[in-house]
Amino acid sequence: ALHPDLIVLGGGVARIGDLLFDTVRETRARNGIIVLVQPGDAVCAEAARLNFTVLALDTRGERVAALRRQFQEQDVYGRVSAIQFDGKTIPCVDGLVNAVVSGATTVDDAEIMRVLAPRGVALVKSGNDWQKHVKPWPEDMDEWPQYLRAGDNNAVSRDRVGPPDRLKWTGGTPWARSHMSAVTVISMVSAGGRLYTIEDLETVEYHRLPGKYLLIARDAFNGLDLWKKPLGGDWTSQDYLKYIATQYQRRIAAIGDIVYCPLAMGEPVSAIDG
């Protein structure tokens with residue numbers, strides 16, 4: 001019998017932890033949410049190394065307690081956590097999770113696909129084998145690649161969605177700089193499952209301070225920060241009441257995995273790997 005954390009691939013034996021690492025890297029994700037269903041110790045240890053937010057699920061209370069102690073000893077508890085569940089329902093909203101590793105036969109494929117975000121991956125144990133599944137991008141989900149969506153400035157997407165009935169995630173600073181000057185979030189576009197914004201993250205205590213602008217990438221489906229790049233130069237933020245420089249909103253565009261933005265005032269456009 002195979003060790004529960006081993007997998008047979010091409011006649012050889014490899015650790016499922018290594019397979020998890022390689023599979024997540026294939027998604028080009030550097031941060032996100034991983035759900036582990038009935039995981040072994042090796043899977044938990046590997047997931048904790050990935051810098052992802054990790055949720056381990058187990059039906060056994062004593063196993064959950066043991067995992068919590070393990071995570072606390074590794075000083076990763078919080079970012080990595082464990083809870084007891086009913087063995088069938090993954091306690092996450094639809095389309096939130098970047099990866100699922102399931103060794104439980106009680107959780108069906110439809111439930112795993114429900115919680116996976118588009119282009120998310122699942123490793124599901126079937127007998128002694130592990131099967132990889134990728135959730136496709138929905139045909140009725142559009143992207144927003146530039147200001148007002150496209151070159152026609154029509155500001156209408158091709159999504160088949162709505163009306164919205166709940167808030168899925170929140171992110172960013174909870175307080176804006178000021179309602180008397182430029183807005184905190186200058187521009188926002190989305191492509192490839194990522195959300196890109198230009199934001200003023202200077203302190204909110206005094207609105208007359210010069211802006212501190214950054215280009216920020218987040219996972220579009222769960223809001224977790226992926227990376228931030230400071231934008232140099234003098235970004236005017238308070239010329240007059242309700243001020244916003246129109247061209248600031250047009251300084252960013254995204255197509256596929258690439259986001260385009262000048263990294264300072266007066267610089268040419270840079271192409272950045274999202």
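In strand β5, serine 81 is the bridge partner of leucine 55. That pair belongs to a predicted model, in which local features need pLDDT of at least 70 and side-chain atom pairs count only at pLDDT 80 or more, while totals for chains, interfaces and linings use all residues. Residues are numbered from 1 along each chain as its sequence is written, and side-chain values use heavy atoms, with hydrogens and water left out.

Strand β4 (residues 53–58) is joined to β5 by five bridges, and the two run parallel. Pairing here takes at least two DSSP bridges between two strands; strands are DSSP runs of E with at least two residues, helices are runs of H or I with at least four, and numbering goes from the N terminus. β4 and β5 are part of an open sheet of six strands, ordered β5-β4-β3-β6-β7-β8, with mixed pairing. At its edges sit β5 (80–84) and β8 (129–134), each of which pairs on one side only. Direction ignored, neighbouring strands of this sheet are turned by 15° against each other on average. Helix α2 (residues 41–48) packs on the sheet and touches β3 (33–37), β4, β5 and β6 (97–102), with its direction at about 175° to that of β3. A contact is a pair of heavy atoms within 4.5 Å; angles run from 0 to 180 degrees between N-to-C directions, with axes fitted to C-alpha atoms, for helices over the stretch in contact. Helix α3 (residues 61–73) lies across β4 and β5 and runs at about 170° to β5.

A second topic is the open sheet of four strands, which pairs antiparallel in the order β9-β10-β11-β12. Its edge strands, β9 and β12 (225–230), each pair on one side only. β9 and β10 share six bridges in the antiparallel sense, and serine 190 has leucine 195 in β10 as its bridge partner.

β9 turns up again at the largest pocket, where it gives five residues, the largest share of the lining. The volume of this pocket is about 980 Å³, taken as the space filled by probe spheres set on grid points that are joined across faces, edges and corners. On a 1 Å grid over the protein atoms alone, a pocket is an open set of points where a 1.4 Å probe fits, with protein on both sides within 12 Å along at least five of seven lines; lining residues have an atom within 4 Å of a point. By class, the lining holds 15 nonpolar, 10 polar and nine charged residues. Asp, Glu, Lys and Arg count as charged, Ala, Val, Leu, Ile, Met, Phe, Trp, Tyr, Cys and Pro as nonpolar, and the others, Gly among them, as polar.

Then come the hairpins. Strands β13 (residues 253–255) and β14 (residues 258–262) pair antiparallel over three bridges, with alanine 254 opposite valine 259. Two residues separate β13 and β14 in their hairpin, and glycine 256 in the turn has a positive phi of about 60°. β14 also pairs with β15 (residues 269–273), antiparallel over five bridges, and cysteine 261 stands opposite serine 270. This hairpin has six residues between β14 and β15, and glycine 266 in its turn has a positive phi of about 85°.

As for the whole protein chain, there are four helices and 15 strands.
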